[in-house]
Amino acid sequence: MSFTLFEPQADARPRAIKILIAGGFGAGKTTLVGTASEIRPLRTESGRSAYGRAIDGPIGMDSKESTTVAMDFGRVTLPNNVMLYLYGTPGQRRFWFMWDGLARGAAGAIVLADTRRLPDCFGAIDYFEQRGTPFAVAVNCFDDAPRYGEARVRVALDLDPGVPIIMCDARSRDSVIQVLIAVVEHALRVNGSFV
Ligand SMILES: Nc1nc2c(ncn2[C@@H]2O[C@H](COP(=O)(O)OP(=O)(O)OP(=O)(O)O)[C@@H](O)[C@H]2O)c(=O)[nH]1
Ligand SMILES: [Mg+2]
């Protein structure tokens with residue numbers, strides 16, 4: 001690996017890296033991007049209409065009033081001038097057609113999981129496996145969600161041993177930065193570089 005995040009680099013020119021934040025409906029993607037971002041995040045939240053709810057059917061979190069209809073966007077700077085551009089995806093299946101555009105050029109991805117509805121993130125995992133995009137799974141530990149250790153989550157999601165799994169709180173900046181570092185280091189391990 002020629003480039004590492006935490007050792008001084010001879011060539012520390014700014015590097016712009018695109019990271020996707022995906023996962024099921026209501027897993028906390030918009031929250032994570034907003035928590036991490038050092039600029040005012042772009043959000044595309046829209047109120048959930050009765051019509052939209054009828055199309056979606058029961059998908060849990062029926063009290064959720066708004067949802068991402070296009071993308072979230074934010075930026076974070078890591079050591080060695082690594083600038084992460086964070087793109088949060090929409091969670092509802094009827095908006096997944098936008099993922100291909102959002103995923104273009106992404107160096108890595110985070111799949112945000114909620115242990116109350118673990119199967120909701122299968123689609124995102126399949127998507128990144130098929131695309132060959134390095135990804136990490138971040139379990140957003142909601143207060144009332146069952147707690148499972150890393151090993152049980154790995155089995156439940158049928159993840160390869162190399163895929164990082166991190167427990168996180170999408171509302172805590174320190175926690176979210178740890179997740180972002182994990183995915184960047186994983187992408188470097190897998191690809192050897194960002195490009
Ligand atoms: N307790 C707790 N609540 C959270 C956490 N992360 C997000 N939330 C709340 O969960 C709800 C859903 O969060 P969002 O960030 O909108 O989820 P999302 O994945 O962007 O949702 P969609 O775009 O609709 O798929 C919001 O009310 C958040 O305030 C968390 O770590 N803990
Ligand atoms: Mg959202």
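# Notebook: looking around a predicted model

**Entry 1, Leu 84.** I began with the surroundings of Leu 84 and found that, leaving aside neighbours within four places in sequence, this residue is in contact with Ile 17, Ile 19, Gly 74, Arg 75, Val 76, Leu 78, Leu 180 and Val 184. I note here that the model is a predicted one. Leu 84 lies in strand 5, and it counts as buried because its relative accessibility is 0%, where the cut-off for buried is under 20%.

In what order do the six strands of the open sheet lie? I read the order as 4-5-1-6-7-8, and the pairing is mixed. Strand 4 (72-78) and strand 8 are the edge strands, each pairing on one side only. From one strand to the next, the twist averages 25 degrees. I looked at one pair in more detail: strand 1 (residues 15-23) and strand 6 (residues 108-113) run parallel and are joined by five bridges. Within this pair, I noted that Ala 22 has Val 111 of strand 6 as its bridge partner.

I next asked which strands helix 1 (residues 29-36) lies across. They are strand 1, strand 4, strand 5 (82-88) and strand 6, and the helix runs at about 40 degrees to strand 4. Helix 6 (residues 173-191) lies across strand 1, strand 4, strand 5, strand 6, strand 7 and strand 8, and its angle to strand 4 is about 80 degrees.

Which residues of helix 5 (residues 150-157) are buried? I found Val 153, Arg 154 and Leu 157. Looking down the helix axis, I see these buried residues fall within an arc of 100 degrees, so they line one face of helix 5. As background, I recalled that an α-helix has 3.6 residues a turn, so residues three or four places apart point the same way. The face turned away from the buried side carries the exposed residues Ala 151, Arg 152 and Val 155. I also looked up what covers the buried residues of helix 5, and the cover includes helix 4 (122-131), strand 7 (135-140) and strand 8 (165-168). After the helix comes Asp 158, and I recorded that its phi is positive, near 55 degrees.

The largest pocket has a volume of about 300 Å³. Of the 21 residues lining this pocket, Gly 26, Ala 27, Gly 28, Thr 31 and Phe 142 are the closest to its centre. Helix 1 and strand 3 (66-68) are the elements that give two or more residues to the lining, and helix 1 gives the most, with three residues. About 40 Å³ of space lies in the largest cavity, and its lining consists of Gly 24, Phe 25, Ala 27, Leu 112, Ala 113, Asp 114, Arg 117, Asp 120 and Cys 121.

Last, I looked up Asp 11, which lies in the segment before strand 1. With a relative accessible area of 33%, Asp 11 is partly exposed. Between Asp 11 and Asn 81 there are 9.7 Å from C-alpha to C-alpha, although the two are 70 residues apart in sequence.

Note on methods
Residues are numbered from 1 along each chain as its sequence is written. Chains are lettered from A and ligands numbered from 1 in the order in which they are written. This is a predicted model: local features need pLDDT of at least 70, side-chain atom pairs count only at pLDDT 80 or more; totals for chains, interfaces and linings use all residues. Side-chain values use heavy atoms; hydrogens and water are left out. Buried means under 20% relative accessible area, exposed over 50%, partly exposed in between (1.4 Å probe, protein chains only). Helices (H or I, at least four residues) and strands (E, at least two) are DSSP runs, numbered from the N terminus. The arc is that of the directions from the helix axis to the C-beta atoms. Contact means heavy atoms within 4.5 Å. Two strands pair if DSSP finds at least two bridges between them. Axes are lines fitted to C-alpha atoms, for helices over the stretch in contact, and angles run from 0 to 180 degrees between N-to-C directions. On a 1 Å grid over the protein atoms alone, a cavity is a set of points where a 1.4 Å probe fits but cannot get out, and a pocket is an open set with protein on both sides within 12 Å along at least five of seven lines; lining residues have an atom within 4 Å of a point. Grid points are joined across faces, edges and corners, and a volume is the space filled by probe spheres set on the points.
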